[in-house]
Amino acid sequence: MEADILKNLVKNLNRYKAHKKSKDNEIIYETLLAHTELTNKYFFKFWQSKNSDEIFDRFCDVFWQKENIDNKLKNKAKDLLKEIIMTIPIFHDIGKVNPNFQLMKLKVNDFKENEAYVNTHHSFLSSMFYMDYCRKLVYDEKNEDEIVNLLAEFILYNGYIIARHHSELGSLTEFTKLINLDDDTYFSKLKRIINNEDIYSVKIDFIKSDIEDMFRNLNKVDKDAEKVGKRSIKQGVYLSIYIRWLYSLLVASDYYATSEFMNEADFSENTDLNDIDKWDSVYENTDLLKNIRQYQQERYPISNEELNTVTDINILRSEIFCEVEEKIKANTDENIFYLEAPTGSGKSNTAINASFKLMQHDKRLQKIFYIYPFNTLVEQNLETLEKVFADNEDIKQNIAVINSITPIKVSEKDLNDNEEKDVYQKALLDRQFLNYPMILSTHISLFNIIFGNRQSDVLAFYQLANSVIVLDEIQSYKNKIWAEIICYLKELAKMFNIKIIIMSATLPDLDILSRFQAQAVDLLENSSRFFAVDCFKNRVKLNYDLLKVDKDSILDELKTHLKQYLKSDKKILIEFIKKKTAHDFWVDLQENEDFKDVQIEYLSGDDSIAERKRILDKVKKATDTIILVSTQVIEAGVDIDIGYKNISKLDSEEQFLGRINRSCKKEGIAYFFEVDEASDIYKDDVRLSESIVLKDVNMQKILELKLFDEYYKKVLETTMGKYSYHFDEFIKDISDLNYESISTHMKLIDDTQDMVQIYIIRTLCVDGEILDGKQIWDSYVDLWENGRKTMSYAEWKIELSRITSKMNNFIYQVSKHNLRIGKFYEQMGNITCLEDGDKYFIKDKFNREILYIEN
């Protein structure tokens, strides 16, 4: 098909090249036709493997649901739309017939430079060829006017996808500005040039009315669509997903096709999760699941009266597990599920089981994503999964961590069995396109895929189709975008057949913000009955006495207060919300004579994974009194007896309580105080209003009784009132198909442009391995300066990921304002390297203040 189309459009087609490579000191060219055929092969493969016909049908059903034409015409329009979609890969690189591209980019010497072609661009040229071809298909005299009206705009959208396939998704407006028939436009200049060249067999002959038809339906999304006859928010979101989806499919196909030519290897292996029963069988054979299944057969469900008297937390965990499983099985056709359950109730294990049950019911589901707020939680849950599948190496090899600190996964078996260049390229493609059955990552990574506009963000968007996504603690991010998150996720889940489990100990009813979309399924019918059980509710006693102490004297009062526990053999956690306060308090304790015989540790976001592990292991194994001073990085991994916390958001307080007396076998107590204002850190968060923080006695009662519905009712009311304008801005960005603005709007963490990365040379011992910071830095520099000369790009990227993983033990992010580092050792890229690293540490803890002192 592709050969016939291109040969009919381009004269002397075999003359044109798409790529080149060097082999045995010889330049080898790939023809434009050969690359097009490979791209089309991968596009069709990905389309088929992701059940894209169903995605396409769901899109058309929603996007044209109000169009007043009969089903026969709609079906004809769908067939024609699919045809022009399937020609996207055929036309994506046809602009490489540009003589300047052939001569200047590929050095094909039988072309002459043509000054009329002002540059070597090819993507926009390709989109022109595509739009002209599709315009003639759609505007064929055999097609009814209704069909033309339905399809005209899609010629523009698909042309935009082709025009952007080598760059980021920007804004449709940028593209449409180039497309009009005025004499001085880029579009018109290229049109005249093409028609004057002896290249194109059929002239491009756009007319003004055709251009107007393409533009007619742009920017029609309106929240009052029913009243004004415009598109609904739902239809607007579907269209934004449509463009992102096809862009992702095209870029993936292009990447894989180019890789096949460059490496002379087929990369079409499918690594989706097609045998969930095998995974589930291993999971069910663990001791934990055997115990739960025994409980399920013998005792589940127990009465509410019996539930209230339970003292064994494992019974509560089993009850929650079984109830969630029943609810999942009864609602397998739904897309969004809420799991609100107390901290320590086994949500992670329950979510694993729920994921497996969903996949067993719907065999189209092919991937599982476990998404967490922090890398530390990713690492912790990886350990859990590796224990579950400890005896099955094949399954463990198919679990991948995707974040900035984990090296690209390479199969050692494949390295031994194949040529290295193929294995490295496959490993790189797997990482770029998330080609793994089970993936653990962070909210930031997932939101980049869903909302980011860089090409690297959108590459793997198509891989979200037919997957299960478990989102942990989504409420931990700024509430000004909660409405946008739930509205977009609901539509994405429907169109892509995604099952999303949103879980937390404190989960707001996001349906209130979802603008009348279908309600999600609550996996626990009445979660409050579990929160009310003594084993959860009274596991930790709450004390607010320290909140009455003046901020100026609270730190001294804290030290005095701590003295009562010095000989108690208790594990004590003191959590601050500001790093400097935590650091200074840790130093004060160490210098205080009263604490000289007590183990004292300090943990902050500056600590490496290895240092974090050392500290948490020490706390876990401690049999004598130990004090851990920390910032808000203690999200999991410890079981504390006594807790002190600087107040912030109420849901953060509940998360903190989850670190105390997790086993319910001791007595736990938490003291709340205030030395730093949380509003200085969490900008624009309505959860810091005076009436809904712990200084309010009503909130103290809510925390004690776990009445989070009451809390979140106030939060959501305030959010809707304060940030409705913010949601309207998002809908305008959707309407304008402005992907750059959408990306900025949906950032979970504000830009860190005022931060710089510092690499501090030291010698460390990590898991028994000595890491020489100077040697690692030199290897990094050598890799940048010389690695590309001796390695393939894929091998270089993988080696870079390995070395940067080790470098993370030495890298710190600091504010560049008033930074005084004097002469530094070296700079490579955006990383500044400092020698004599030990001078920046006090008692083995990074002291960033030294970086701001005049030397």
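## Fold and contacts

A contact here means heavy atoms within 4.5 Å. Among contacts in the chain between residues at least 6 apart in sequence, 78% join residues at least 24 apart.

The model is predicted: local features need pLDDT of at least 70, side-chain atom pairs count only at pLDDT 80 or more, and totals for chains, interfaces and linings use all residues. Residues are numbered from 1 along each chain as its sequence is written, and side-chain values use heavy atoms, with hydrogens and water left out.

## Overall shape

The chain holds 36 helices and 23 strands. These are DSSP runs numbered from the N terminus: helices are H or I of at least four residues, strands E of at least two. The radius of gyration is 30 Å, close to the 29 Å that the globule rule gives for 855 residues, so the chain is as compact as a globular protein of that length. That radius is taken over C-alpha atoms, and the rule is 2.2 Å times the number of residues to the power 0.38. Along its principal axes the C-alpha trace spans about 90 × 65 × 50 Å.

## Surface and burial

Of the 855 residues, 59% are buried. Buried means under 20% relative accessible area, exposed over 50%, and partly exposed in between (1.4 Å probe, protein chains only). The chain exposes about 36300 Å², and carbon and sulfur atoms supply 45% of that area. Areas come from the Shrake-Rupley method with a 1.4 Å probe; for residues, only the protein chains shown count as cover.

## Salt bridges

Side chains of opposite charge can pair when their charged atoms come close. A salt bridge is a side-chain nitrogen of Lys or Arg within 4 Å of a carboxyl oxygen of Asp or Glu. The count is 61.

D132 bridges to K136, with the closest N and O atoms 2.9 Å apart. Both sit in helix α7 (residues 123–138), four residues apart, about one turn of the helix. D132 counts as buried because its relative accessibility is 1%. K136, at 31%, counts as partly exposed.

## Buried pairs and a network

E653 forms a salt bridge with K645; their closest N and O atoms are 2.7 Å apart. Both residues are buried.

E654 pairs with K706 at 2.8 Å between the closest N and O atoms. This bridge links distant parts of the chain, 52 residues apart: E654 is in helix α31 (residues 650–657), K706 in the loop between α32 (697–705) and α33 (708–735). E654 is buried at 5% relative accessibility, and K706 is buried at 9%. Elsewhere, shared partners join D280, E284, R293, E325, K329 and K357 into one network of salt bridges.
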